[in-house]
Amino acid sequence: MIEIANVSKIFTGRGAPFTALDDVSVTIRENEFFTLLGPSGCGKTTLLRVIAGFIDPTHGAVKLEGQDLVKLPPYRRPVNTVFQSYALFPHMTVAQNIAFGLEMLDKPSAEIKATVDQMLELVRMTPMADRKTSEISGGQQQRVALARALAPRPKVLLLDEPLSALDFKLRKDMQLELKRLQSETGITFVFVTHDQEEALTMSDRIAVMNAGDIRQIGGPRDIYDHPAERFVADFIGDTNFLEVELLATEGETARIRLPSGVETEVRAPRDGVAPGPVTLAVRPEHASLSGGDGAALPGTLANVVYFGTDTHFHVDLDGGARFVLRQQNQPGTAQGWSVGDAVTVTLAPGVGQVLRD
Ligand code: ATP
């Protein structure tokens, strides 16, 4: 639905020119919840603003359903934006705020009323329709901002860290709410966040960005289970990195030798990699201290951290690397290991991922 082709943005202010987007290409599908995820300053907001029309790209094309958007001013694009600050009118009521965009479009008043009522229902704010937006809570303001942006039925809704001002609990509730709104309206959402958990929970697909570039695009599971490179593996979730020897690959399977000398099979990078020294990424929940099937790494238990639902074990592997593994706690059962114990870290079969660099 949205086609971003070879988009670059070079800011030329008073200082040296700065490349905020470096030849970015991505296609966003109709009806999808698409997230731009990355650390502060990686170019997420710049890309969103290029789609909205607030920033002109230095190079490249932005198309919506085949139509070139670059020449259209923001207000002529079938796209709406929800900002981090909400930008509501405090002296107007909830209903007036939602009606505002429709009035600007000169819609008939009966249609405006029907749409406002429908939007109030959608965001569950009907009982507060006549309150001023200065007299409602942050979470309620967030809902009104969403309703206002959804009311003109844009084809695409752009959301720039819209949940970041909310406290933890409300943020969790609003994540589910946003997902529901997206699937009920069928509008394509492009969502910006630096919060990996938020991205994993809400998105159909995620583009992981770093330094003006998209490093990997995929579904949440795909990105988590098959990170292509170290940056992605490190940014999303917790990861152990082991320096191993790649012996051979066959399709998606790689045969490797661990530092302990044990050989095992893990996942190969999709775009291929030559045999030799490589980095293996292993999630903390994909290893155990209890032996069993799988490849083993001997070491010494350096730290045990209890987290309620699970326990984290920090192991100093023979050879020097630190490995963190996570095990779920079983009710009423002590975990049975002490700091200083000689232990063996056993990797679950087949789940480590060889990275491409
Ligand atoms: P955050 O999560 O902190 O909002 P971001 O990924 O959204 O970060 P952008 O706002 O897209 O980052 O900015 C990308 C880079 O471009 C940053 O290094 C920023 O300093 C720079 N930048 C943004 N706007 C301008 C501008 N008008 N002139 C010069 N540099 C800019």
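Author: Helix axes are lines fitted to C-alpha atoms over the stretch in contact, and the angles between N-to-C directions run from 0 to 180 degrees. This structure is a predicted model, in which local features need pLDDT of at least 70 and side-chain atom pairs count only at pLDDT 80 or more, while totals for chains, interfaces and linings use all residues. Residues are numbered from 1 along each chain as its sequence is written.

Reader: At what angle do the axes of H2 and H4 cross, and how close do they come?

Author: Two packed helices are described by the angle between their axes and the distance between the axes. Here helix H2 (residues 94–104) and helix H4 (residues 138–150) have axes that come within 7 Å and cross at roughly 30° (helices are DSSP runs of H or I with at least four residues, strands are E runs of at least two, and both are numbered from the N terminus). H2 and H4 are therefore roughly parallel to each other, a label for angles under 35 degrees, with over 145 being roughly antiparallel, 65 to 115 roughly perpendicular and the rest oblique. The crossing of H2 past H4 is right-handed, that is, the near helix is turned clockwise from the far one by less than a right angle.

Reader: Which residues make the contact between H2 and H4?

Author: H2 contributes Val94, Asn97, Ile98, Phe100 and Gly101, and H4 contributes Val144, Ala147 and Arg148, where contact asks for C-beta atoms, placed from the backbone, within 7 Å. Sorted by class, this contact of H2 with H4 has five nonpolar, two polar and one charged residues (Ala, Val, Leu, Ile, Met, Phe, Trp, Tyr, Cys and Pro are nonpolar, Asp, Glu, Lys and Arg charged, and the others, Gly among them, polar).

Reader: How are H2 and H3 oriented to each other?

Author: The axes of H2 and helix H3 (residues 109–122) come within 9 Å and cross at roughly 130°, and H2 and H3 are therefore oblique to each other. Their crossing is right-handed, and the contact joins Ala95, Ile98, Ala99, Leu102 and Glu103 of H2 to Ile112, Thr115, Val116, Met119 and Leu120 of H3. Eight nonpolar, one polar and one charged residues make up the contact of H2 with H3.

Reader: Which residues of H4 and H5 meet?

Author: Gly139, Gln142, Leu146 and Leu150 of H4 meet Leu170, Met174, Leu181 and Thr185 of H5, and by class the contact of H4 with H5 has five nonpolar, three polar and no charged residues. The axes of H4 and helix H5 (residues 168–185) come within 11 Å and cross at roughly 15°, so H4 and H5 are roughly parallel to each other.

Reader: Which residues come nearest to the ligand?

Author: Phe11, Ala20, Ser40, Thr45 and Thr46 come nearest among the 13 residues around the ligand, a residue being near if its C-beta atom, placed from the backbone, lies within 6 Å. Strand S2 (18–28) and helix H1 (44–52) are the elements that give two or more residues to this shell, and H1 supplies the largest share, three residues. Four nonpolar, eight polar and one charged residues form the shell around the ligand.

Methods:
Contact = placed C-beta atoms within 7 Å.
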